[in-house]
Amino acid sequence: MAVHDDCKLKFLELKAKRTYRFIVFKIEEKQKQVIVEKLGEPTESYEDFTASLPADECRYAVYDFDFVTAENCQKSRIFFIAWSPDTSRVRSKMIYASSKDRFKRELDGIQVELQATDPTEMGLDVIRSRAN
């Protein structure tokens, strides 16, 4: 599975310049490559992010999560989320699962990985608990 250059470029912008809050990636089966499907503005919320994931199709996503530690320090973690809902096609789940590690290696700087099959597995409480 090829990775479109745009994926790496946008990820670097999120990581270095914080240009985006999140990026949703999609596998184009016909072209056999991962492409950028949606970019979230820095002002968008976690709810905007989860709403941009299709209910019955797999996606990869990166989310830049800001939080305050118990010591009152402002921090951020970059989450890689493999979204694979139970209702998506088996073929799609297999393609996403088999190319996940290779795709993730292309994005240097991911701090936390999350696998989710329904919205509760990537709720804000889960993100918060994994961020520390």
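Reader: What makes β2 and β4 joined strands, and do they run parallel or antiparallel?

Author: The model is predicted, and in it four bridges join β2 (residues 22–28) to β4, the two running antiparallel. Since pairing requires at least two bridges, the four found here meet the criterion, so β2 and β4 count as a pair. Within this pairing, Ile23 has Val62 of β4 as its bridge partner.

Reader: Why is strand β4 called mostly covered?

Author: A residue is buried when its relative accessible area is under 20%, and eight of the ten residues in β4 (residues 59–68) are buried, hence the description.

Reader: How do you know that β4 pairs with β5, and what lies between them?

Author: Ten bridges join β4 to β5 (residues 74–83), again against a requirement of at least two, so the strands pair, and they run antiparallel. Phe65 stands opposite Arg77 in β5. The two strands form a hairpin with five residues between them, and in the turn Asn72 has a positive phi of about 70°.

Reader: What makes the pairing of the six-stranded sheet mixed, and why are β1 and β6 placed at its edges?

Author: The open sheet has the order β1-β3-β2-β4-β5-β6 with mixed pairing: β4 and β5 run antiparallel, whereas the five bridges between β5 and β6 join strands that run parallel. β1 (2–3) and β6 (112–116) each have a single partner strand, so one side of each is left without a neighbour in the sheet.

Conventions: Residues numbered from 1 in each chain as written. Predicted model: local features only at pLDDT ≥ 70, side-chain atom pairs only at ≥ 80, totals over all residues. Heavy atoms only, no water. Buried < 20%, exposed > 50% of the residue type's maximum accessible area, 1.4 Å probe, protein only.
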